[in-house]
Number of protein chains: 2
Amino acid sequence: MGRPSLAEQRKAEILDAFGRCVARFGLEGSTLEHIAEEAGMKRSILRHYLGNRDDLVHSLARKVIADYRGITESSLDTFRDGNRSTNLVDFLLPTQAFGSTEQLLILEGLIGASGKYPRVMKLVRGYVEDFVDLVAQQLKLISPETARSRCWDTAYALVCISFNQESLQPLKLEPKYLKAARKMARDLIKNI
Amino acid sequence: MGRPSLAEQRKAEILDAFGRCVARFGLEGSTLEHIAEEAGMKRSILRHYLGNRDDLVHSLARKVIADYRGITESSLDTFRDGNRSTNLVDFLLPTQAFGSTEQLLILEGLIGASGKYPRVMKLVRGYVEDFVDLVAQQLKLISPETARSRCWDTAYALVCISFNQESLQPLKLEPKYLKAARKMARDLIKNI
DNA sequence: AAGTAAATTGTCACATTTGACAATTTATTC
DNA sequence: GAATAAATTGTCAAATGTGACAATTTACTT
């Protein structure tokens with residue numbers, strides 16, 4: 001009975017548009033009007049599906065983190081096949097921008113404004129911590145004889161290089177920077 | 001004749017306040033009202049000394065970059081005395097937050113919103129490029145027999161770790177992350 | 001075709017942000 | 001103390017962002 005609900009689909013579309021806006025204008029720079037235009041909807045509909053601004057921000061944070069965890073987990077799972085080191089470098093420092101490139105910009109936006117949203121801060125921090133742990137796990141698989149602590153330290157360095165490479169993306173640095181990042185990442189893994 | 005001008009001092013105070021706001025609220029989150037309150041002045045006075053919002057943003061970018069270049073240059077100069085490696089690590093990854101910690105957050109804010117301000121983007125990019133070059137120079141001094149290209153790659157990795165460590169600061173990560181960063185930085189320099 | 005649940009649009013009031021300019025106050029020089 | 005240059009404050013209009021709710025349209029079920 002009644003009209004079929006588009007709620008889930010609409011929510012996803014709205015949050016996608018929100019994400020694209022954050023990647024371009026930052027969190028505070030993304031007005032509801034911006035988001036609505038980006039999503040091709042009226043502003044009033046955002047409120048209808050997701051509530052007020054704060055609700056939107058929290059929903060976005062949850063979605064981005066959830067997506068990230070999903071992507072991370074499934075990517076790392078595929079590492080069974082092929083060279084784990086190579087796969088890890090390709091995952092952390094992809095040569096061609098794919099989906100997740102924009103996502104790290106959203107993450108940066110959320111981090112930047114996390115002073116205002118303590119719940120968001122906790123979500124992001126939790127993800128970063130888990131992410132480092134997962135990378136450390138991979139390193140342990142690559143080199144089982146290496147001490148856990150050393151794997152972890154190296155993992156954090158790799159994550160730093162990966163995150164920073166992405167967060168500098170708006171500057172449109174020359175390709176040699178990405179090349180250097182990949183080279184150093186390979187070295188770090190090799191010399192573990 | 002006439003009243004003495006406070007212009008230079010006032011401009012500096014305003015931009016300092018602006019910087020603190022950006023570090024806390026992000027660039028778009030820093031309203032003129034915010035900045036005025038932070039500076040302890042009326043909003044109208046911002047306009048009097050520095051013009052409209054865009055003018056303020058560009059002035060801030062110029063000042064931050066100029067300060068950065070100054071700090072960087074003078075810090076690296078002092079490296080004559082003492083252990084260059086240790087000094088470099090302390091400079092890139094200070095154990096206790098000093099002045100420049102807030103500045104990197106400002107830089108991040110400017111990067112994030114650089115889509116809107118192409119001139120700002122160019123300024124920041126130029127600084128990042130020069131910064132990597134300067135660190136590479138230091139590495140060459142530490143290990144003259146190492147190839148220039150290897151110094152440069154390592155320098156970029158160090159810069160990534162440094163920048164990322166600072167940009168994650170709002171998440172209030174545990175000290176072990178900074179410790180790992182410093183350890184890996186020392187390793188990178190040692191194994192150059 | 002009637003009923004109904006949900007989508008979609010429209011609109012109003014309120015607060016915030018910004019830009020521009022006029023009016024006033026203050027400190028210095030002659 | 002008169003002239004003057006600059007600081008400082010005040011005010012107003014325009015634009016934008018936000019929240020809330022009413023009204024309408026659409027698609028499905030029976």
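Predicted model: local features only at pLDDT ≥ 70, side-chain atom pairs only at ≥ 80, totals over all residues.
Modeller: Residues are numbered from 1 along each chain as its sequence is written, and chains are lettered from A and ligands numbered from 1 in the order in which they are written.

Biologist: How many helices and strands does chain A have, and what makes a run a helix?

Modeller: Helices are DSSP runs of H or I with at least four residues, and strands are runs of E with at least two, numbered from the N terminus. By that rule chain A has nine helices and zero strands.

Biologist: Which residues of α2 of chain A are called buried, and what makes them so?

Modeller: A residue is buried if 20 or more other C-beta atoms lie within 10 Å of its own, exposed if 12 or fewer, and partly exposed in between, with the C-beta atoms placed from the backbone. In helix α2(A), residues 32-39, the buried ones are I35(A), A36(A) and A39(A). Among the elements that cover them are α1 (7-25) and α3 (43-50) of chain A. In chain A as a whole, buried residues make up 39% of the 192 residues.

Biologist: How do you know on which side of α2(A) I35(A), A36(A) and A39(A) lie?

Modeller: The arc is that of the directions from the helix axis to the C-beta atoms. I35(A), A36(A) and A39(A) cover an arc of only 100° around the axis, so they lie on the same side of α2(A). An α-helix has 3.6 residues a turn, so residues three or four places apart point the same way.

Biologist: What makes the two copies related as by a two-fold rotation axis?

Modeller: Copies are superposed by least squares on the C-alpha atoms of residues with pLDDT of at least 70 in both. Chain B can be laid on chain A with an RMSD of 0.1 Å by a turn of 179° and a shift of 0.0 Å along the axis. The copies are therefore related as by a two-fold rotation axis.

Biologist: How many residues does each chain bring to the contact, and why do the copies meet through the same surface?

Modeller: Two residues are in contact if their C-beta atoms, placed from the backbone, lie within 7 Å. By that rule the contact takes 38 residues from chain B and 38 residues from chain A. On the side of chain B that touches chain A, α8(B) gives the largest share, 11 residues. Because 100% of the interface residues of chain B are also interface residues in chain A, the copies meet through the same surface.
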